[in-house]
Amino acid sequence: MPITDSMSLLWMSYGFLSLVVVLTGYLGLGFLPRLPRLVITWLVAGMIWVPARFRLPLLDEGEFYTGFAPAVMVAAVAFLERNASVMVPALLLLVAGGLAGAGVGLLLWWRGRHHHEYVDMDEDDEPMPPRRGGGGERREPMIG
């Protein structure tokens, strides 16, 4: 059960909080055009969602605890401990995750760029007439 297992609960809460961070980051970058907003958002998402393996020494001599954690956390702890042998692989994973995320953002922008060109129209359908500059007034529908 996910509630009783502390690692599952930890990963679920990290996933939920990271989704909140990515969504608020995307909305916070609303002043940017769509391309840089998507690329930056997915770059950050790729960096915070890539996992890395870690290894912690236990109190018993020669025993270690190994597991997975977000590469951002592994790199941050390795930086604070000044442990270059752990920090380099974690940073490489961060760079790879960031590049993959930026690629996904670029792909989403590329697919959304041509979305308005592919309108589903039959051959006998006529395009809608251009709107008149009548302000924001509501027009009643007419029959016939």
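Reply: Buried means under 20% relative accessible area, exposed means over 50%, and partly exposed is in between (1.4 Å probe, protein chains only). This is a predicted model, in which local features need pLDDT of at least 70 and side-chain atom pairs count only at pLDDT 80 or more, while totals for chains, interfaces and linings use all residues. Residues are numbered from 1 along each chain as its sequence is written, and side-chain values use heavy atoms, with hydrogens and water left out.

Me: What percentage of the protein chain counts as buried?
Reply: Of its 144 residues, 18% count as buried.

Me: And which elements does the chain have, in what order?
Reply: The protein chain has four helices and two strands, taken as DSSP runs numbered from the N terminus (helices H or I, at least four residues; strands E, at least two). The order from the N terminus is α-α-β-β-α-α.

Me: Which residues make up the largest nonpolar core?
Reply: There are nine: Val50, Ala52, Phe54, Ala69, Ala71, Val74, Ala75, Ala90 and Leu94. Such a core is a set of buried Ala, Val, Leu, Ile, Met, Phe, Trp, Tyr and Cys residues joined through side-chain atoms within 4.5 Å. Strand 1 (51–57), helix 3 (71–81) and helix 4 (84–113) each supply at least two of the core residues. The largest share, three residues, belongs to helix 3.

Me: What does Ala69 touch?
Reply: Beyond neighbours within four places in sequence, Ala69 is in contact with Trp11, Val50, Pro51, Ala52, Phe54 and Val74. Contact here means heavy atoms within 4.5 Å.

Me: How do helix 3 and helix 4 pack?
Reply: Their axes are 8 Å apart and the angle is about 150°. Axes are lines fitted to C-alpha atoms, for helices over the stretch in contact, with angles from 0 to 180 degrees between N-to-C directions.

Me: Changing topic: how do helix 1 and helix 2 cross?
Reply: Their axes come within 9 Å and cross at roughly 165°. That makes helix 1 roughly antiparallel to helix 2. In this pair, Tyr14, Ser18, Leu19, Val22 and Tyr26 of helix 1 meet Arg37, Leu38, Thr41, Ala45, Ile48 and Trp49 of helix 2. The contact comprises eight nonpolar, two polar and one charged residues.

Me: Is Arg37 buried or exposed?
Reply: Arg37 counts as buried, because its relative accessibility is 17%. Arg37 lies in helix 2 (residues 34–49). Leaving aside neighbours within four places in sequence, its contacts are Tyr26, Leu29, Gly30 and Leu32.

Me: Where is Leu32?
Reply: Leu32 is in the loop between helix 1 (6–28) and helix 2. At 22% relative accessibility, Leu32 counts as partly exposed. Not counting residues up to four places away in sequence, Leu32 touches Arg37 and Ile40.

Technical notes: Parallel < 35°, antiparallel > 145°, perpendicular 65-115°, else oblique. Nonpolar A, V, L, I, M, F, W, Y, C, P; charged D, E, K, R; others polar.
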